[in-house]
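Here is a friendly tour of some local backbone features and helix contacts. Please have a look at the model first, and then read on.

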Amino acid sequence: MFKDLLIPPKNGSTRFIFLGGKGGVGKSTLAAAIALGLAEEGYKVLLASTDLQKSQNDILSQEIGSEETKVNGFDNFEAINIDAKESIRKHQLEVIKKIGSLRGDEAEILWLKEYWEKNPVLPCETASYNVFVQYMNSNEYDAIVFDTAPGGHNLDMIGYPWKQLDRLKKSIMVKREVADLTGKTAEIELLEKMAGDNIKAIEKLRSEETSYLLVLHPEMLPVYEAKRIQESLAPYGIPIKGLILNEVLPKEVCTNYFFKERRKLQEKYIALVRNEFPNMEIIEVPLIETEVVGIERVKRIAKVIMGG
Amino acid sequence: MKEEMTKKVILDIFPTGICGCGQRDAENAPLFKLVSDVLRDFKDKVEVNIVEYGTEIDKAFLRLNQILENSGKGRIVSMGLGAQVFRSIIPMIAINGKIAFAASVPSKEALYAKINEALKESS
């Protein structure tokens, strides 16, 4: 069942849900609906958005901050708009926490603390990706739903732990080679811990705990887009586990020529999708008569998804 | 008559800033203060080369590689890790083509001791 891709694993670990797809296919709305649906079932959920448009503010009809913000009406549902500035601060705090656990020369540890307090050493565009890695290592939530910007940004974020791990490995290699000159060994331990976070994030991304879902409209171009995303994720070993066919015209309203024809077209592509992705869980989400804004309307979509 | 050459100690200074984000600029202030103290106190006994990045990055890499080789760190050069090497060892001061201090700005005493040592060796 499609729902099995969403509910947290029985072993108590966190479910990580990613939604990919072209811009405008409804990823943010569906991310909100999935998060809300899981929260309604009693799970502790975080909806983490890296969308610069902050669409979740409109969808959930409340101001979502750059800190985890409780969604109105829920004690177990939080949302966050991850922003670069706050991400740098969070990453600094995380690194400083790690420095606190290092054993090594006191002077070096003091230097490391000062260094990380003054120098975030993170280009702003990747700051939010580090927070993503932190969330991937967190056990605080039963499920985390990531609402990311379309296409490339989404894949950039997914691929970040690999890139960052590569950078850290190189840095560790160099620092080991010059440790006799710099006298800095605690820093190597710190970088190893940071690399460890990325390794864990990679393991989780490849595990059963992660569900990468693709959202598409039942039309020709999105089907090709789905194939392209599938190919882009393959090198990382991340499979697309489910497809959400969004804004499908409900059969019962397609009574005149125009809508009958549109419905026929959609059915053709739905059949194509089912044929192209035979082993994937697929769910159809209907187009509703109004825009999906506000908790009550999001609940309508959540009901469809959680029932699937 | 044979002209007596003044023996000089050559200092290569690799400041921070290679990462391009400028977030480590603060480390350069004490480094440059130290360099100006060295020039004031050692006058013509030292020659200071402050390595430039940006459009001069290729030259900086070549000089760094020479210094790494001279310092017995040729393995790093062969690893081909590029900017990672810079990031790991700057701010760096090399004396007579060999790494003297790496990854942090040394104390004035420590640097002066090494310059005096190098002057003795070259005299």
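## Backbone details and helix packing

The peptide bond that joins B:Ile90 to B:Pro91 is cis, with omega at about -5°. Do keep in mind that this is a predicted model.

Two further backbone points concern phi. B:Asn96 is not a glycine, yet its phi is positive, at about 50°. You will find B:Asn96 in the loop between β3 and β4 (98–101) of chain B.

Now for the helices of chain A. The table sets out two packed pairs.

| Helix pair | Angle | Axes |
|---|---|---|
| α4 (residues 106–118) and α8 (residues 186–206) of chain A | about 50° | 9 Å apart |
| α1 (residues 27–40) and α11 (residues 295–306) of chain A | roughly 75° | within 8 Å |

With an angle of about 50°, α4(A) is therefore oblique to α8(A). On the α4(A) side the contact is formed by A:Glu108, A:Ile109 and A:Leu112, and on the α8(A) side by A:Ala186, A:Glu187 and A:Leu190. By class, that contact holds 4 nonpolar and 2 charged residues, with no polar ones.

The axes of α1(A) and α11(A) cross at roughly 75°, which means that the two helices are roughly perpendicular. Residues of α1(A) in this contact include A:Leu30, A:Ala33, A:Ile34 and A:Gly37, while α11(A) contributes, among others, A:Val298, A:Ile301, A:Ala302 and A:Ile305. The contact divides into 10 nonpolar, 2 polar and 2 charged residues.

Which residues of α11(A) are buried? They are A:Val298, A:Ile301, A:Ala302 and A:Ile305. These residues sit on the same side of α11(A), because they cover an arc of only 105° around the axis. An α-helix has 3.6 residues a turn, so residues three or four places apart point the same way. Among the elements covering the buried residues of α11(A) are α1, α2 (55–59) and β8 (281–286) of chain A. As for its length, α11(A) has 12 residues and spans 15 Å from first to last C-alpha, close to the expected 16 Å.

Conventions
Residues are numbered from 1 along each chain as its sequence is written. Chains are lettered from A and ligands numbered from 1 in the order in which they are written. This is a predicted model: local features need pLDDT of at least 70, side-chain atom pairs count only at pLDDT 80 or more; totals for chains, interfaces and linings use all residues. Axes are lines fitted to C-alpha atoms, for helices over the stretch in contact, and angles run from 0 to 180 degrees between N-to-C directions. Helices (H or I, at least four residues) and strands (E, at least two) are DSSP runs, numbered from the N terminus. Angles under 35 degrees count as roughly parallel, over 145 as roughly antiparallel, 65 to 115 as roughly perpendicular and the rest as oblique. Two residues are in contact if their C-beta atoms, placed from the backbone, lie within 7 Å. Ala, Val, Leu, Ile, Met, Phe, Trp, Tyr, Cys and Pro count as nonpolar, Asp, Glu, Lys and Arg as charged, and the others, Gly among them, as polar. The expected span of a helix is 1.5 Å times one less than its number of residues. A residue is buried if 20 or more other C-beta atoms lie within 10 Å of its own, exposed if 12 or fewer, and partly exposed in between; C-beta atoms are placed from the backbone. The arc is that of the directions from the helix axis to the C-beta atoms.
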